[in-house]
Amino acid sequence: MNDVGMNSKTENILPAAPSAWDQLTNPSLAEQQHPQHQQQQVPPLHQHQHHPAQSPQMQASSPTTISAPLLTPTKTTPPDVAHTPSGAAPGAPGANFNEELAPELTQQGWRKFWSKREGRPYFWNKLTGESLWEPPQLNRGPPQFDPLTDPLGICSTSPLNGPLPMHNSTGYNNNTHPSPHNHHHTLKRRASEDAAQQPQQQQQQHHSAHLPPGAGSVGGPPPLKKYVLPGPWDLEVPTNVLIYERLPTTFPQPYPEVEALRGSLTLRLAKTYEDLCNKRESIAPPKDSFQRWLMERRIIDQGIDPLLPSQCTPEISPQMYREILRDIPIKIVKPKFTGDARKQLSRYCDAAKKIVERRGASEESKKIVKWNADEAYEWLRRTVGASYEDFQDRLTHLQRQCEPHIIATVRVSVEQLCAKLYHLSMQHARNIRERHAQILKEHGIPELSAPLQPPVTRKVWCYPVQFALPSPRMPQIDYSNDRDHMVIKYTNTAVMAAPDTHVVNISHLQKLEQLYRYNCFDDKKFDFFIGRAYCMLKRYATFLGNNANPNQQEPELTQAALPAVVFECLHHHFNVTFECFASPLNCYFRQYCSAFGDTDSFFGSRGSFLDFKPVSGSFQVNPPYCEELIDASLQHIDRLLTDSVEPLSFIVFLQEWKDPPLKCLSKIEDSPYKRKQVVVMGMEHEYRHGLQHCIPKSEVNFKSIVGTMVVWLQNAAGYARWAPTEARVDALLEAFRPGRERDRDKAIATSTVPVQPSCSATASSPEPGTAGNSGSGAGDLSSTGPSKPSTPATV
């Protein structure tokens, strides 16, 4: 019987396959028989590039151009299996070990190779594609026919042609060849593709742990290789967070052209804000005030854009209003020397007099400000040899006398500035939404005509944000490897004058791929991966603005993260599995909340923390420095602890900024759920840089110049389960010690033991059934594991 290879246009008839007798007596024929099956399992990338019109079903939805050999931006196989060829890996020490295998195993297709990543040999079946760490057993299938007593295989249940029978766990019948439709069963096993089988495997491992040595491999398959991505994260930790099922978001799915348009309009808005501060108030815009304005507006915004505020009440931001007034007439800084303190006092006198003279100040205000300024001038002229403290005290006295009159003079002007910025943001948001609606219409995607029906009220394991609308086809995006990082470039002359380029390290690109496998189930072929990764990178570059430059001197603080050693300690001692403020680029766990749920949901985001309402779980909370956001987060935590009787624990990390101090910290002191509070002193602990995805590894860690306050907020059940005992708190403080993360990296680099998934999760942390990014539905948790990884499991 002939094998027929088919495509969408032609049929190629191949020569007859060798008989089973020829395959057994001459193994070289068997090696020549099956290269075509191996090529079907892992099709080379150049076939899709040179023949895009052969099969419409296999055509990529996101056409790309490649400038250099890539890692795996659009393939579903992890990077570490790229060196598993049909022959020996080039340059690997002792790549082929056929002489060490039994002849029967060689006839079955087993070969021995060297794993570069793990530093030890593994076994690979070139006929079926199965990969094992342990030597394969001879009793893995039914007995084969004897070529002497049964040369034609008549008395055997094995097929005459094709691969020899294997264990049922491979997912194939005994008389079928591997097909491209189930190729994920023939590749090395990965956690994202074995999500449904993981609970059964964990039960088997738990059962085999109580057996005597060597008994676990009798009568069962050897352990499967599991792909675990190394790095300053642990993406194998399952969640222990329960929520009530929620509606999908009505935001459309991100699209590169829309994201580029949003970035250009946001940059124009930030430039307008800078010009208004310079021309109207004669000051430079307060540092990072535009980013804090975006964060503060997101707390109350109910508009149509995920970044720009468009429906806020009140329209004037109290955060922006307060920061601008604080810098009028000049920005007060702490001088280093006595001469700097004298100059700052003189500059304040000049600026205060100019404001009341040039603005419409009342006569009373002009009189008081001028009199105090002249008195300060007189004091400077007659005082010789004044100390640093004398100048600072005199400046504080002058501020106390003049500030009320200055604020009364400039109040209306500052309010108009804030209102104008908000109205421009509303206009930009409408333009962006209209363009997005036009793109959806061009792709035949109708807008929502009726409100979504509320889901059934039931508890489910937390799952990523879902979308009510499908995604349009992605445009062309170029990407290329440049040594240890990847360059992603998007060109659209209608929106941008020059190509938009983003850089991401190879390690973080692999992390994004792994998060995508875990959390995105509407794009198993990675057709949309590059487009969605570009939208996510562009969103954070737009939000950070000038701070997105990796060459700046100061570290980016709004996206700074705790060291990996601290997260390991939190998970080990307090069973923390969830981050309340993170991003796909700086997260440690694969489940987290982030500022932009629409672009981050494909990489594991559960949406905004203020919209996230967990019923139970253990959380790490490290909000960025924005007083309104921190205040709203503490209030949200208090409501969650009050409403739930199940175990809830929040470990809050707040940096002790003194200028200006946080007034909302009083809520922590008065909270009935406060169980423990400690302070890690400044310059005695480290943080990870907010741009860790695009800066050299040597510059990732930096010392914090201010202390970090750690607070445990827990309800009664959470305190009973995860109480901050003295031993646990001491372990956390030890994890903060500088240099611990470097020691961890060295230990991982020198270790030859393969990385194993975290096994410290208790029975309250089962493998979640994460939801897909489109559609709605939930499967029950009554079974041993989630039947569909794309749907949330219920309790």
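This is a predicted model: local features need pLDDT of at least 70, side-chain atom pairs count only at pLDDT 80 or more; totals for chains, interfaces and linings use all residues.
Q: What percentage of the residues count as buried?
A: Buried means under 20% relative accessible area, exposed over 50%, and partly exposed in between (1.4 Å probe, protein chains only). Of the 795 residues in this chain, 50% are buried.

Q: How do I read a helix such as α11, and which of its residues are buried?
A: Start with the general idea: an α-helix has 3.6 residues a turn, so residues three or four places apart point the same way. Helices (H or I, at least four residues) and strands (E, at least two) are DSSP runs, numbered from the N terminus. In α11 the buried residues are S365, V369, N372, A373, A376, Y377, W379 and L380. They sit on the same side of α11 because they cover an arc of only 160° around the axis, taken from the directions from the helix axis to the C-beta atoms. The face turned away from that buried side carries the exposed residues E363, K367, W371, R381 and R382.

Q: What covers the buried residues of α11?
A: The cover includes α10 (338–358) and α12 (388–442), counting a contact as heavy atoms within 4.5 Å.

Q: Now a strand: how many residues of β10 are buried, and which strands does β10 pair with?
A: In a regular strand the side chains alternate between the two faces of the sheet. As for β10 (residues 485–490), five of its six residues are buried. Two strands pair if DSSP finds at least two bridges between them. β10 pairs with β9 (residues 477–482) in the antiparallel sense over five bridges, and D482 has H485 as its bridge partner. Six bridges join β10 to β11 (residues 500–505), also antiparallel, with Y490 opposite D500.

Q: Is S583 buried or exposed?
A: S583 counts as buried because its relative accessibility is 2%. S583 lies in the loop between β12 (578–579) and α16 (597–600), and touches Y540, Q559, Y592 and S594, leaving aside residues up to four places away in sequence.

Conventions
Residues are numbered from 1 along each chain as its sequence is written. Side-chain values use heavy atoms; hydrogens and water are left out.
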